[in-house]
Amino acid sequence: MQWLPRITVEVPVLGVGAGPSEYEQLARYVWALRRPRGLHMTLLHLGVAEDFCRDVAEWTKGATDAGLVMRRTISWLEALPVLEGFSASAERLIVLGGGGVCGLGVDVPDFVRDYQVSLVRALHELLDELLVDNIDDFILSSPALGFRSPRWVPHVAVGKQRYRGRGPWEIGRVAVEFGESRIRNRQFLPDAG
C-alpha cells in the first residue's frame, strides 16, 4: 500500500521548555519520545487530498466533480491567512483519540483559538461553495477529515503512552514556542491551475 500524505494546517514547535533536557524528561511518561524537530500542533486536518475530494463528490452525488474540489481546495488553502508564531505553555500530558498516543495539552492564547475557529468557518464556506449540504454532518462523517469531535483540543503529540489509563498526567509547567502556521505536505498537492 502506498503512503499518501495528509494535508493539515499546523504550527511547528520551535522549542519545549528551557532546552532539550526539559523535553527529554517527558520520556518518564512516554515510550519512544518523538524527535523535537518534527513536533507540531495541528490547527485543521483535511486528510489525504484525493480522499477529501472523493468524499465531497460522493456527498454531493456527483454534482461537484472531484477535480473541481481539488482545484478549489488548493486555492482555498493558499489563500488562508498565516498565523504568526506565538508562545504557549503545557502542564499535563493527555491521551489522544482512541488512546495509545500521548500529547502535551497546550494552553494557547485566545487569538490562537480564534484563528482555529476561523479555519473551521472558512472550511464551512469552502464546502458551501462546493455544494455540500448539511455541512456539519459532512465534517463529522467524512473519513478524510477524520473529525471525532466538534471541539478542538490544542495538543502536541509526543509519543506512545507509557502508563495505562486515560490521564491526564501532571508534568509541571513548561513553555512551548510555536512558529508561524503552514500547510503540511503542500508540496504533494497538484498545481491549482
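Visitor: How do the residues lining the second largest pocket divide by class?
Guide: This is a predicted model, in which local features need pLDDT of at least 70, side-chain atom pairs count only at pLDDT 80 or more, and totals for chains, interfaces and linings use all residues. The lining holds Arg92, Ile94, Gly105, Val106, Asp107, Arg113, Arg151, Trp152, Val153 and Pro154. Ala, Val, Leu, Ile, Met, Phe, Trp, Tyr, Cys and Pro count as nonpolar, Asp, Glu, Lys and Arg as charged, and the others, Gly among them, as polar. For this pocket that gives five nonpolar, one polar and four charged.

Visitor: How much space lies in the second largest pocket?
Guide: Residues are numbered from 1 along each chain as its sequence is written, and side-chain values use heavy atoms, with hydrogens and water left out. On a 1 Å grid over the protein atoms alone, a pocket is an open set of points with protein on both sides within 12 Å along at least five of seven lines, while a cavity is a set where a 1.4 Å probe fits but cannot get out; lining residues have an atom within 4 Å of a point. Grid points are joined across faces, edges and corners, and a volume is the space filled by probe spheres set on them. For the second largest pocket the volume is about 170 Å³.

Visitor: Which strand gives the most to the lining of that second largest pocket?
Guide: Strands here are DSSP runs of E with at least two residues, helices are runs of H or I with at least four, and both are numbered from the N terminus. Strand S4 (86–96) and strand S5 (101–107) each supply at least two residues of this lining. The most, three residues, comes from S5.

Visitor: Which helix gives the largest share of the lining of the largest cavity?
Guide: There is one cavity of 30 Å³ or more, and the space in the largest cavity is about 60 Å³. Its lining includes Ile7, Phe52, Met70 and Leu189, and by class it has nine nonpolar, two polar and no charged residues. S3, H2 and H3 each supply at least two of the lining residues. The largest share, four residues, comes from H3.

Visitor: Which residues of helix H2 are buried?
Guide: Buried means under 20% relative accessible area, exposed over 50%, and partly exposed in between (1.4 Å probe, protein chains only). The cover over the buried residues of H2 includes strand S1 (6–16), strand S3 (40–48), helix H3 (66–79), helix H4 (110–129) and helix H5 (135–141). Within H2 (residues 49–59), the buried residues are Ala49, Phe52, Cys53, Asp55, Val56 and Ala57.

Visitor: Which residue just after H2 takes a positive phi?
Guide: Here we look just past the end of that helix. The phi there is about 55 degrees, and the residue is Lys61.

Visitor: Which residues form one aromatic cluster?
Guide: Rings of Phe, Tyr and Trp (its six-membered ring) pair if their centres lie within 6.5 Å; planes under 30 degrees apart count as stacked, over 60 as edge-to-face and the rest as tilted. The whole structure has three aromatic pairs, and one of them is the edge-to-face pair of Phe86 and Phe111, at 6.2 Å centre to centre and 85 degrees between the planes. Phe86 lies in strand S4 and Phe111 in helix H4, so this pair ties together parts 25 residues apart in sequence. The cluster is made of Phe86, Phe111 and Phe178.

Visitor: Is Phe178 buried or exposed?
Guide: Its ring centre is 4.8 Å from that of Phe86 and the planes are at 20 degrees, so the pair is stacked. Phe86 is in strand S4 and Phe178 in strand S7 (residues 169–178), 92 residues apart. Phe86 has a relative accessible area of 4% and is buried, while Phe111 is partly exposed at 43%. With a relative accessible area of 2%, Phe178 is buried.

Visitor: With which side chain does the side chain of Arg184 make a polar contact?
Guide: Arg184 sits in strand S8 (residues 182–184) and is partly exposed, at 30% relative accessible area. Contact means heavy atoms within 4.5 Å, and beyond four places in sequence Arg184 touches Arg6, Ile7, Thr8, Glu10 and His40. A polar contact is a pair of N or O atoms within 3.5 Å; within protein, one must be able to donate a hydrogen and the other to accept it, and residues adjacent in sequence count only if both atoms are side-chain atoms. At 3.4 Å, the partner of Arg184 is the side chain of His40.
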